[in-house]
Amino acid sequence: MSDQTIAAGERAVTRSRTRPEANRDENLLEVEDLSVSFVRRGAQPVRAVDGVSFVVRPGQIVGIVGESGSGKSVTSLAVMGLLPQRGVVASGQIRYRGQDLLTLGAKKLSDLRGREIAMVFQDPMSSLNPVIPIGTQVTEVLLRHFDVSRGEARAEAEHLLRRVGIPDPGRRLKEYPHQLSGGMRQRALIAIALACKPALLICDEPTTALDVTIQAQVLELLKELVNDLDTAMVMITHDLGVVAGLCDFVNVMYAGRVVESAPRHELFAHPRHRYTEGLLASMPRLDHPRTEPLRPIRGTPRDIVSWTKACAFAPRCDHADEACMSPDLELVLDGPGEHRMRCVHPAPLASDVADDD
Amino acid sequence: MLRFVIRRILLMVPVLFGLSVLLFLWVRALPGDPARALLGEKATPESIASVNAQYGFDKPLLQQYLIYTSRLLRGDFGNSPRTGEPVLGTFIQRFPATVELGVAALIFAVVVGIPLGYLAAKRAGGWLDSFAVGTSLAGVVIPVFVLAYLLKVVFAVGLHGPLHVLAFLPSSGRQSARIDATHITNFYVLDGLLTREWDASWDAVVHLILPAIALGSIPLAIIVRMTRASVIDVLNEDYVRTANSKGLAPGLITRRHVLRNALLPVVTVIGLQTGALLAGAVLTESVFAINGIGSYLFTAISNLDFAVLQGFILFIALIYAVVNLLVDLSYGVIDPRLRTR
Amino acid sequence: MTILDAEQGPIDEGLFDPPAGDERGTSLWQGAFRRLRRNPSAIVGAVIVVAFVLVAIFAPVLAPYEPAGTQWISQVTPSSVPGPSPGHLLGLDSFGSDMLTQLIYGARQSLIIGVVSTTIGLLGGAVLGLIAGGLGGWWDTGVMRIVDILLSIPSLLLAVSIAAVMGRNPFAIMIAIGAAQVPIFARLLRGSMLGQRRQDYVLAATSLGLRQRRIVMSHVLPNSLGPVIVQATLVLATAIIEVAALSYLGLGSADPAIAEWGRMLVKAQDRLQSDPRLAILPGICIAITALGFTLFGEALREALDPKSRR
């Protein structure tokens with residue numbers, strides 16, 4: 001597979017990029033104080049994302065980790081401008097190369113989508129249109145953003161499918177999604193997302209719906225492709241294992257807020273927030289004695305306090321006390337490499353949780 | 001694909017067989033002597049004897065049924081005792097008028113209903129949505145013949161007073177008497193096109209407007225509802241989100257990703273409306289004096305002409321089965337998932 | 001809900017927001033009722049239905065005159081019918097009766113026809129549906145083939161053929177309209193019973209050794225009733241409209257002493273151009289009553305739909 005990949009990659013790179021070459025020190029994406037609320041008539045508005053900030057540099061792989069309901073997927077949809085048009089209030093700023101996407105017009109936003117910022121979704125079964133051939137679903141994004149003929153788009157689509165490791169791509173182009181396996185469909189979705197060589201790729205749990213054996217392959221493929229294309233990636237996941245092998249920088253979210261953010265090695269070596277610590281402790285590890293039990297976090301993500309009253313994680317935390325009841329805890333700088341956390345009783349630095357680096 | 005078609009046609013056989021049994025028993029269940037029931041009030045001892053000989057009503061029940069079905073298979077649906085004409089011949093002669101009306105009604109319903117249902121779904125909860133829901137409710141709760149009469153009085157006959165200006169359409173028939181049109185197929189619009197008699201074609205179209213709107217109100221209501229519900233479902237599908245994430249033009253997303261999927265259930269519903277459309281034609285044709293099978297059946301019902309009723313119901317069931325077969329086949333064309341299975 | 005142990009600190013219970021949209025402890029029907037009360041079109045429908053039923057029941061109290069009184073026939077001429085006046089708020093009809101009285105008694109007739117024919121359709125459909133869905137196997141196949149055959153005949157024509165056999169009397173019309181709904185009810189009941197049979201709780205009941213008949217009667221049937229009740233509400237609307245259509249086809253009740261909206265409408269045809277009031281008033285009564293049942297039925301369907309429960 002890799003021979004083909006590289007060959008196709010070289011060919012693809014020959015097409016000149018029309019966007020300005022980025023200054024590598026400049027942030028590609030800056031999310032600042034993003035809040036998203038869902039408003040329903042006759043009900044209290046639900047704040048799904050609550051003052052989230054993070055940055056993505058060109059070519060960087062950033063992870064956003066959290067349980068379902070932590071606001072990580074809503075964050076990614078906000079960046080794509082794909083939030084529902086009604087019943088949603090978003091505030092703050094999402095700056096892509098300095099342009100605020102939240103205030104950008106619909107036409108300009110759709111010029112960016114698929115061309116500059118692309119997305120791979122969670123469920124490959126439902127994310128492809130069942131009544132349109134795969135080929136059309138790949139070529140339509142090329143025809144939208146590049147001035148190419150149908151024939152050229154078709155040839156490029158075939159190269160793309162080959163590049164993501166789909167065998168016999170010429171035939172597959174004419175087939176429909178239901179004729180492909182789950183793994184193949186996710187590869188096709190990746191081909192679609194990377195068709196225009198975007199500068200930023202957002203992946204929302206791209207492997208959750210796949211078999212475990214396929215998961216690793218798809219992650220490996222993504223890593224290889226974004227590396228080849230020099231594309232930055234935001235990886236949304238609930239799985240710290242995915243983050244461990246992939247991300248440069250990690251943001252941990254809980255109940256709509258970032259509770260800890262740090263470079264990957266720093267986070268795994270010195271988790272400070274008790275939630276991060278709990279996540280790590282609940283992961284099975286090969287380098288720990290087999291007799292040592294896994295320590296799951298108590299309760300469920302439904303047991304949540306409002307951040308405006310106390311630490312939202314307090315009801316599930318072994319270390320919670322009165323101090324945790326202060327409203328709106330700050331995300332404070334704590335440690336090297338922009339390590340930040342939002343905790344009154346952080347895990348001690350001499351933690352023995354992880355020393356594998 | 002061919003195997004699918006053959007299987008579907010074979011599945012129609014037991015339904016039509018069962019229906020012939022029911023219709024056969026139905027005439028036997030009519031009050032009094034079956035020959036007298038078939039003949040109605042004009043029965044004379046001689047005509048009763050001739051009908052008895054024709055249908056074998058004096059023979060055992062099973063033998064009677066065999067006689068009945070063998071006649072059906074030969075295309076003999078019996079004669080109308082009122083007019084003496086063969087039932088099937090009259091159907092075939094009058095059928096084009098009904099098909100023309102039914103197709104015009106469907107075109108009206110589709111052309112108005114699908115855009116209305118789509119826009120209602122896009123702005124669910126808005127005023128256009130309320131209007132669409134109102135339209136579909138009105139189509140359900142207003143009886144067809146009432147709507148037909150209202151349209152006829154307002155737009156053809158004319159009300160007394162200032163509203164009379166609205167009456168600019170013909171009130172009855174399929175074509176104006178002043179037009180001396182050549183008829184080949186008995187589809188008047190088509191005939192005009194074939195013979196290049198444009199004015200004849202146009203005149204036939206003008207005559208179809210009011211009946212088509214009245215009859216089209218039945219499928220319109222259902223098409224609006226189905227389109228609205230189906231588009232709302234599809235708009236929430238992941239693949240529409242994928243299409244949006246590609247930055248595609250809104251028009252392309254609507255056509256290729258939303259409508260192509262949303263219209264699948266609508267097509268099925270249109271097929272299932274065939275029966276209601278033919279039943280509605282009975283009422284509509286009689287209001288607008290159109291010489292189709294609907295007005296023929298209307299006369300037959302008023303005169304309790306059971307031979308015609310019997311044949312008509314079988315005929316409708318056959319059309320219904322064929323139309324739904326065609327719908328299923330078109331489904332295979334639109335939905336690739338059904339093609340390969 | 002109490003997450004913290006007492007020893008771990010005095011975080012009071014009030015801090016914890018109750019989980020939004022919690023429906024534990026409310027049954028299907030309680031939930032449906034709550035959703036109905038919040039739905040404006042359900043309220044409009046219910047108001048129309050209740051008003052219609054009250055008018056039908058208290059017709060003798062509400063109507064200003066005796067029904068089918070033709071005492072003012074002398075005022076009716078071939079070219080005109082007297083319009084509204086202080087003595088006759090909605091004018092006379094073409095038989096010389098008071099329009100308002102006839103409309104009020106018409107509600108009574110529509111209610112009787114609607115309820116009786118729906119009951120006939122429901123009972124007939126329930127018997128067939130129970131046989132097919134409850135017994136399964138060959139019973140299922142046989143019954144459903146007959147239902148398929150009947151469904152290929154439009155319900156209006158089915159009603160026409162039955163009415164033709166029974167002759168022209170009011171009861172025949174009710175049986176005809178009701179019987180024409182039997183196949184629809186049968187298929188609905190069977191479909192929802194089969195859906196329920198596949199549910200896990202039936203499997204659980206079977207594995208507990210409960211007898212088949214007991215499972216069907218005490219578990220499957222109650223849970224299958226929702227769609228049937230919705231359909232019954234909608235059929236009431238259909239019945240009121242179909243009576244009018246049958247009247248138009250000349251199969252309506254032959255007794256002119258009974259006030260019936262459908263026949264009033266049909267009789268007004270000749271005077272449509274000169275006096276549209278004669279047709280419009282009964283037409284509005286039919287449409288509004290049908291609208292009431294339709295709105296309420298649709299709202300009930302929505303309220304019982306698990307997909308719309310949030």
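Trainee: Which residues in α14(B) do Val87(B), Leu88(B) and Phe91(B) in α5(B) meet?
Mentor: In this predicted model, those three α5(B) residues meet Ala307(B), Val308(B), Gly311(B) and Phe315(B) in α14(B).

Trainee: And by class, what's in that contact of α5(B) with α14(B)?
Mentor: Six nonpolar residues and one polar, with no charged residues.

Trainee: At what angle do the two helices pack?
Mentor: About 55°, with the axes of α5(B), residues 87-122, and α14(B), residues 306-334, lying 10 Å apart. That angle makes α5(B) oblique to α14(B).

Trainee: Is the crossing left-handed or right-handed?
Mentor: Right-handed, as α5(B) passes α14(B).

Trainee: OK, switching to chain A. What domains does the assignment give?
Mentor: Domain 1 covers 3-247 and domain 2 covers 256-356, going by the domain assignment of chain A.

Trainee: How far apart are the C-alpha centres of domain 1 and domain 2 of chain A?
Mentor: They lie 29 Å apart. The contact takes 17 residues from domain 1 of chain A and eleven residues from domain 2 of chain A.

Trainee: Which elements supply the domain 1 side of that?
Mentor: β2 (46-56) and α9 (240-244) of chain A each supply at least two residues of the side that touches domain 2 of chain A.

Trainee: Which one gives the most?
Mentor: β2(A), with seven residues on that side of domain 1 of chain A.

Trainee: And how do the residues on that side divide by class?
Mentor: On the side of domain 1 of chain A that touches domain 2 of chain A, they're eight nonpolar, six polar and three charged.

Notes
Residues numbered from 1 in each chain as written. Chains lettered and ligands numbered in written order. Predicted model: local features only at pLDDT ≥ 70, side-chain atom pairs only at ≥ 80, totals over all residues. Axes fitted to C-alpha atoms, helices over the stretch in contact; angles between N-to-C directions. Helix = DSSP H or I, 4+ residues; strand = E, 2+ residues; numbered from the N terminus. Parallel < 35°, antiparallel > 145°, perpendicular 65-115°, else oblique. Left-handed = near helix turned anticlockwise from the far one by under 90°. Contact = placed C-beta atoms within 7 Å. Nonpolar A, V, L, I, M, F, W, Y, C, P; charged D, E, K, R; others polar. Domains from an automatic or database assignment.
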